Amino acid sequence: MTQSVDQAMQAFAASQPALPLAVAYSGGADSSTLLHACVRRWPGQVYAIHVHHGLQDAADGFEAHCRATCTALQVPLTVAHVDARPAAGDSPEDAARRYRYAALTAQALKGFERPMASMALAQHADDQVETLLLALSRGAGLPGLAAMPQHWQRGGLAWHRPLLQVAGRDVRQWLLAQDLPWVEDPTNTDARYTRNRIRHQLLPALEQVFPQFRDTFARSSQHAAQAQQLLVAQAQVDLQAVGVPPQIKAVQALEPERQAQLLRQWLLQSHGTTPTAAQLRELLRQISHCSTRGHRIHIKVGYGFVVRQGSRLAWYNP
């Protein structure tokens with residue numbers, strides 16, 4: 001069920017996250033709420049990381065605000081400057097997300113006098129709904145419909161989204177009630193971004209027709225996540241059988257559906273990339289036709305290429 005900020009933080013504390021804890025701090029309302037709430041819960045154990053993307057004129061002002069707030073709270077802050085401009089043919093949002101997570105991981109492990117044990121991100125229930133609706137609009141499979149997990153492990157860190165069951169309006173109300181400052185990202189009202197159109201046009205309509213949509217959508221995502229866990233477990237078994245990198249003949253011996261799942265799993269866990277539906281279909285077609293020694297495989301997948309190297313598949317990023 002949707003929670004208040006205080007309820008969500010009580011649940012987060014009850015999970016006993018490993019300390020010290022880093023908070024991804026943009027200066028906006030959501031991350032400001034998370035930072036203040038975490039500092040109150042674990043004084044002296046909370047650190048902040050600000051990622052300066054360099055993509056808009058207001059970015060320097062965001063950094064200045066974050067520095068001033070962290071100084072007032074006596075919270076150690078590190079700032080990562082990244083060039084998040086996308087490569088040709090790459091999605092700007094996907095590129096910014098990759099750079100941001102890479103920067104957060106690097107700073108959490110090496111940006112302070114001691115490595116962080118956990119990382120907290122400030123996405124809330126409305127962000128979860130937007131993610132699910134975007135996945136539906138793209139015809140996504142189970143990984144997309146599972147939306148965002150609340151807890152996971154990656155890169156030597158435990159990652160958390162403590163506010164994932166808190167409505168966006170309640171996050172801002174928590175700040176207003178305590179007269180705490182934040183900065184407003186000017187792109188949040190830019191209707192050219194699909195997320196903003198969902199936030200300002202679609203969510204209010206959903207609230208009128210389905211008042212409990214945050215809870216019911218979250219339940220659907222949880223069902224998808226559980227089903228995806230079963231598929232990942234089967235893909236891991238298949239990967240052990242075909243090898244890493246995959247042996248082409250061993251892949252061909254599996255049913256097409258299992259081929260697709262193990263290829264997704266191999267690309268994600270070994271190379272951090274995910275094929276589109278069209279890319280995966282073409283890759284499966286090329287694998288099915290790979291019956292001679294001279295048959296060549298070379299197909300764009302994610303931000304790199306899957307190729308044939310002898311009897312096995314390989315992936316590289318040029």
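The following legends describe close-up views of a predicted model.

**View A. Packing of helix 8 against helix 9.** Helix 8 (residues 194–209) and helix 9 (residues 213–242) pack with their axes 9 Å apart, at an angle of about 100°. Because angles of 65 to 115 degrees count as roughly perpendicular, helix 8 is roughly perpendicular to helix 9. On the helix 8 side the contact involves Leu203, Leu206 and Glu207, which meet Phe213, Arg214 and Phe217 of helix 9. Four residues of this contact are nonpolar, two are charged and none is polar.

**View B. The salt bridge between Glu207 and Arg169.** The closest N and O atoms of this pair are 3.1 Å apart. The bridge links distant parts of the chain, with Glu207 in helix 8 and Arg169 in helix 7 (residues 168–177), 38 residues apart. Glu207 is partly exposed, at 25% relative accessibility, and Arg169 is also partly exposed, at 46%.

**View C. Salt bridges of Arg258 with Asp238 and Glu255.** Arg258 approaches Asp238 with the closest N and O atoms 2.7 Å apart. This pair connects helix 11 (residues 256–271), which holds Arg258, to helix 9, which holds Asp238, across 20 residues. Asp238 counts as buried because its relative accessibility is 3%, whereas Arg258, at 31%, counts as partly exposed. The side chain of Glu255 also meets that of Arg258 in a salt bridge (3.3 Å, N to O); Glu255 is partly exposed, at 41% relative accessibility.

**View D. The surroundings of Gln3.** Gln3 lies in the segment before helix 1 (5–14) and counts as buried, at 19% relative accessibility. Beyond its neighbours within four places in sequence, Gln3 has contacts that include Ala8, Gln165, Val166 and Asp170.

How values were computed
Residues are numbered from 1 along each chain as its sequence is written. This is a predicted model: local features need pLDDT of at least 70, side-chain atom pairs count only at pLDDT 80 or more; totals for chains, interfaces and linings use all residues. Side-chain values use heavy atoms; hydrogens and water are left out. Axes are lines fitted to C-alpha atoms, for helices over the stretch in contact, and angles run from 0 to 180 degrees between N-to-C directions. Helices (H or I, at least four residues) and strands (E, at least two) are DSSP runs, numbered from the N terminus. Angles under 35 degrees count as roughly parallel, over 145 as roughly antiparallel, 65 to 115 as roughly perpendicular and the rest as oblique. Contact means heavy atoms within 4.5 Å. Ala, Val, Leu, Ile, Met, Phe, Trp, Tyr, Cys and Pro count as nonpolar, Asp, Glu, Lys and Arg as charged, and the others, Gly among them, as polar. Buried means under 20% relative accessible area, exposed over 50%, partly exposed in between (1.4 Å probe, protein chains only). A salt bridge is a side-chain nitrogen of Lys or Arg within 4 Å of a carboxyl oxygen of Asp or Glu.
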